[in-house]
Amino acid sequence: MFTDGLRPNELFRERSPYFPGLVEKEKRKKRLAEMREKGDDIGPSRKTLKRNSMKHSACQQKVVIDCSFDDYMTDKDITFLTQQLQHSYAANRRAENPLQLYVCGMRGRTKQRLDSIGDYKGWDVFKEERDYNEVFPKEDIVYLSSESANILDQLDDRKVYVIGGLVDHNHHKGLCHRLAEEKGIAHAQLPIGQFLHLKSRKVLTINHVFEILLRFTETKDWQTSFLAVLPQRKGVSVIEEVTETRNNGSEPNHAVLEKRKCETNEQNIEPKEDPDTR
Ligand SMILES: C[S@@+](CC[C@H](N)C(=O)[O-])C[C@H]1O[C@@H](n2cnc3c(N)ncnc32)[C@H](O)[C@@H]1O
């Protein structure tokens with residue numbers, strides 16, 4: 001009845017010079033519907049992507065990824081950096097209310113590498129060749145650094161939070177913090193220690209820091225945000241007591257204390273597919 005798995009009208013269109021691409025579109029639609037039925041993650045629809053733009057976002061929180069560290073990275077590290085930017089961007093695009101994401105200091109090899117990524121030119125981000133402190137007033141900036149003595153408590157949407165776009169495997173330990181101090185810029189670390197026991201340093205990857213900020217704007221809860229983003233795998237772990245609500249919140253917060261294993265080894269705090277890329 002169906003030739004090549006196509007219905008007669010599809011077959012007509014397939015063979016007709018007047019409908020180029022139409023059958024391809026329908027085949028794609030069919031494939032996606034099958035994947036959806038199987039429960040596969042097919043990502044957000046075009047309609048959702050259009051609606052979830054920074055422009056339409058209810059979230060006005062600004063976050064910068066400071067990409068001015070070209071001189072401190074090998075070509076391989078720049079590749080890792082661009083992968084982490086891609087992860088951050090993908091997370092933002094999938095969010096119902098994306099953060100206002102700026103990529104600043106975009107020059108040199110990092111820019112070249114990003115330009116070579118097919119769809120980068122169409123990314124819904126603010127791209128700035130200038131450094132973040134040329135784009136925003138100094139008093140609005142908070143540089144995020146695991147080295148800072150200040151602990152972030154809340155996010156303030158009048159402030160701009162800057163993540164260092166540096167992948168250096170800790171060869172330049174404390175560099176972002178030192179530069180922020182030299183420029184007289186406020187700095188703070190994520191409140192990880194208040195919610196999780198980490199066995200070693202609390203240096204996270206760029207995309208994890210970005211995603212934690214994103215989740216925090218959605219949940220207003222650091223613990224939930226950390227647990228949602230930091231990978232929980234086997235290996236070195238400690239037991240963290242987590243207070244959770246059950247029965248759609250009908251039980252009070254303190255009623256259920258669930259012991260959950262949290263991944264705490266810093267080796268494991270990295271993008272799932274990537275090697276050590278901090
Ligand atoms: C891989 S780290 C860069 C490490 C680098 N050696 C440095 O000097 O910052 C990438 C960026 O993520 C952010 N970051 C990582 N862990 C953090 C934490 N625990 N608290 C706040 N920011 C953090 C910082 O902005 C940092 O510059």
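This is a predicted model: local features need pLDDT of at least 70, side-chain atom pairs count only at pLDDT 80 or more; totals for chains, interfaces and linings use all residues.
Where does histidine 169 lie? Histidine 169 is found in the loop between strand 5 and helix 7.

## Overall make-up

The protein chain has 10 helices and eight strands. Of its 278 residues, 29% are buried. Among contacts in the protein chain with a separation of 6 or more, 73% are between residues 24 or more positions apart.

Six strands form an open sheet, and their order is 3-2-1-5-4-6. The pairing is parallel. Strand 3 (126-127) and strand 6 (186-188) are the edge strands, each of which pairs on one side only. Helix 9 packs on this sheet and touches strand 1, strand 4 (141-144) and strand 5. The direction of helix 9 makes about 160° with that of strand 5. As background, the strands of a sheet pair through backbone hydrogen bonds, in either a parallel or an antiparallel arrangement.

## Strand 1 and its partners

Strand 1 (residues 62-66) is joined to strand 2 (residues 100-104) by five bridges, and the two run parallel. Strand 1 is also joined to strand 5 by five bridges, again with the strands running parallel. Valine 64 illustrates both pairings: it stands opposite tyrosine 102 in strand 2 and opposite valine 162 in strand 5. Isoleucine 65 stands opposite valine 103 in strand 2.

Five of the five residues of strand 1 are buried, so strand 1 is largely enclosed by the rest of the structure. Lys62, Val64 and Asp66 point one way from the strand, while Val63 and Ile65 point the other way. Both sets are buried, and the set with Val64 includes the charged residues Lys62 and Asp66. In a regular strand the side chains alternate between the two faces of the sheet.

## Strand 5 and strand 4

Strand 5 is mostly covered, with five of its five residues buried. Both of its faces are covered: Val160, Val162 and Gly164 lie on one side, and Tyr161 and Ile163 on the other. Strand 5 also pairs with strand 4 in the parallel sense, over three bridges. In that pairing, valine 142 stands opposite tyrosine 161 in strand 5.

## The ligand shell

There are 23 residues around the ligand, and those that come nearest are Leu144, Ser146, Gly164, Cys176 and Gln189. Gly164 is also one of the buried residues of strand 5. By class, the shell has 11 nonpolar, eight polar and four charged residues.

Which elements each supply at least two residues of the shell around the ligand? They are strand 5 (160-164), helix 7 (175-182) and helix 9 (206-219). Helix 9 is also the helix that packs on the sheet, where strand 5 is among the strands it touches.

Histidine 169 has a positive phi of about 50° although it is not a glycine. Histidine 169 is partly exposed, with 14 other C-beta atoms within 10 Å.

Asparagine 170 is found in the loop between strand 5 and helix 7. Asparagine 170 has a positive phi of about 65°, and it is not a glycine either. Is asparagine 170 buried or exposed? Asparagine 170 counts as exposed because it has 12 C-beta neighbours inside 10 Å.

## Helix 10

The buried residues in helix 10 (residues 222-229) are Trp222, Ser225, Phe226 and Val229. These four cover an arc of only 95° around the axis, which puts them on the same side of helix 10. The buried residues of helix 10 pack against helix 8 (192-195) and helix 9.

## Valine 125

Valine 125 lies in the loop between helix 5 (108-115) and strand 3. Valine 125 counts as buried because it has 20 C-beta neighbours inside 10 Å, and a residue is buried at 20 or more.

Which residues is valine 125 in contact with, leaving aside its neighbours within four places in sequence? The contacts are Tyr89, Leu101, Tyr102 and Val103. Valine 125 and leucine 99 are 26 residues apart in sequence, and their C-alpha atoms are 9.5 Å apart in space.

Methods
Residues are numbered from 1 along each chain as its sequence is written. A residue is near a molecule or strand if its C-beta atom, placed from the backbone, lies within 6 Å of it. Two residues are in contact if their C-beta atoms, placed from the backbone, lie within 7 Å. The arc is that of the directions from the helix axis to the C-beta atoms. Two strands pair if DSSP finds at least two bridges between them. Axes are lines fitted to C-alpha atoms, for helices over the stretch in contact, and angles run from 0 to 180 degrees between N-to-C directions.
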